[in-house]
Amino acid sequence: MTATTADVWLPFPAEEIDGLPDGPNYLFWNGGPDFPADPADCAYYVVPYMQGPEVAQRPLASMTSVQVVQTLSAGIDHVEPGLGLLRAGVRLCNAKGVHEASTAELTLALILASLRGIPGFVRGQDKEEWRSGFYPALADKSVLIVGYGSIGSAIEDRLAPFECARVARVARSARTTARGPVHTLDDLPALLPEADVVILSTPLNPSTQGLVGADFLAAMPDGALLVNVARGGVVDTKALLAELESGRLRAALDVTDPEPLPQGHPLWHAPNVLITPHVGGSTSAFEPRAKRLLAAQLTRFAAGEPVRNVVITTG
């Protein structure tokens with residue numbers, strides 16, 4: 001089986017994707033109970049978007065010929081546990097370039113809505129109450145971005161016009177960018193006390209699981225805002241609840257642990273929290289960018305060229 005004759009599983013009908021190369025046998029599967037063909041014949045598997053880890057990993061054990069597993073998300077934590085089912089040499093690619101704009105937009109929306117009291121205004125409108133007063137501005141605030149990859153960089157692009165006093169950056173590895181230095185996680189104890197707004201945009205992996213625990217939160221200054229557009233598991237929910245219920249910190253969360261957040265969970269009604277239901281990438285910008293990514297990746301695959309966005313190669 002060659003790349004030009006291989007089965008390719010897509011979560012969109014092939015006729016809806018402009019620029020797909022001729023040759024591969026394109027099959028539509030978006031997580032339904034029945035596979036579109038024998039998984040053993042699949043060479044390029046595009047994981048259904050936002051269908052959860054059970055769906056993402058379901059065909060992997062039978063994909064004995066797969067060469068590339070492509071997510072349509074920036075994170076890979078819903079797929080990574082199943083990689084041990086695959087043979088050596090399979091490339092796992094993420095969707096770098098697809099979600100930066102939408103996730104950065106939501107990040108700014110969450111910051112501004114939280115600081116300027118928008119949830120309270122909406123509740124006031126429902127009750128026909130005029131809730132005037134003074135509210136915090138983003139201008140003159142110090143911001144810390146934890147997870148300075150392509151999404152973290154896109155967030156800083158959108159922070160630039162808001163006259164922040166300072167933007168600090170943290171990633172796995174230290175480096176220098178055109179905007180300034182990127183620190184490591186080891187520098188967090190020194191950076192957190194200076195941060196009025198802490199933005200989480202880091203992948204979920206063993207080094208970031210539960211990263212934002214009691215010590216991390218305690219290091220944040222009184223009144224600071226925690227914004228999570230990463231993964232719920234980056235934050236210790238119990239520790240965050242304690243800080244919210246004390247009134248010391250505020251939070252704006254697009255992701256939670258557990259997720260979906262079940263009815264009756266105390267986080268729903270904790271003070272000073274704004275919750276959105278994991279919609280950072282779920283906008284009108286997603287589909288055209290995802291389709292352009294797939295056309296470009298599959299053109300390279302069919303031509304025998306290296307695919308891009310490889311984050312793991314199974315061994």
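On a 1 Å grid laid over the protein atoms alone, a pocket is an open set of points with protein on both sides within 12 Å along at least five of seven lines, while a cavity is a set of points where a 1.4 Å probe fits but cannot get out; lining residues have an atom within 4 Å of a point. Grid points are joined across faces, edges and corners, and a volume is the space filled by probe spheres set on the points. The model here is a predicted one, in which local features need pLDDT of at least 70 and side-chain atom pairs count only at pLDDT 80 or more, while totals for chains, interfaces and linings use all residues. Residues are numbered from 1 along each chain as its sequence is written, and side-chain values use heavy atoms, with hydrogens and water left out.

With that in place, the second largest pocket comes out at about 310 Å³. Its lining is made of 15 residues, and those nearest its centre are P119, R123, N272, V273 and L274. Helices (H or I, at least four residues) and strands (E, at least two) are DSSP runs, numbered from the N terminus. Helix 3 (118–126), strand 12 (250–253) and strand 13 (273–275) each put at least two residues into this pocket's lining. Sorted by class, the lining has eight nonpolar, five polar and two charged residues; here Ala, Val, Leu, Ile, Met, Phe, Trp, Tyr, Cys and Pro count as nonpolar, Asp, Glu, Lys and Arg as charged, and the others, Gly among them, as polar.

The largest cavity has a volume of about 40 Å³, and residues lining it include N228, G232, L253, D257 and L267. Five nonpolar, four polar and one charged residues make up that lining. The second largest cavity has a volume of about 30 Å³ and is lined by S142, V143, L144, R166, A168, L191, E194 and A195. Strand 6 and strand 7 are the elements that give two or more residues to this lining, with strand 6 supplying the largest share, three residues.

What about the nonpolar interior? A nonpolar core is a set of buried Ala, Val, Leu, Ile, Met, Phe, Trp, Tyr and Cys residues joined through side-chain atoms within 4.5 Å. Buried means under 20% relative accessible area, exposed over 50%, and partly exposed in between (1.4 Å probe, protein chains only). The largest nonpolar core holds 32 residues, and L144, V198, L200, F216 and L226 have the most contacts inside it. Several elements each supply at least two residues of this core, including strand 6 (142–146), strand 7 (166–170), helix 6 (214–219) and helix 7 (237–246). Helix 7 gives the most, with four residues. Contact means heavy atoms within 4.5 Å. Leaving out residues up to four places away in sequence, F216 touches L188, L192, V198, L200, L211 and L226. A second, separate core of 26 residues includes L106, L138, I145 and I151.

Helix 8 makes a handy length check. Buried residues in helix 8 include F286, A290, L294, L298 and F301. Among the elements covering the buried residues of helix 8 are strand 1 (7–10), strand 2 (25–28) and strand 3 (42–46). Just after helix 8, G304 takes a positive phi of about 75 degrees.

Most residues other than glycine have a negative phi, and most peptide bonds are trans. D140, in the loop between helix 3 and strand 6, is not a glycine, yet has a positive phi of about 75 degrees. D140 counts as exposed because its relative accessibility is 61%. N309 also is not a glycine and has a positive phi, near 65 degrees; N309 sits in the loop between helix 8 and strand 14 (310–313). At 21% relative accessibility, N309 counts as partly exposed. The peptide bond from D257 to P258 is cis, with omega near 10 degrees, and the bond from E259 to P260 is cis, with omega near -5 degrees. P258 lies in the loop between strand 12 and strand 13, and P260 is placed in the loop between strand 12 and strand 13.
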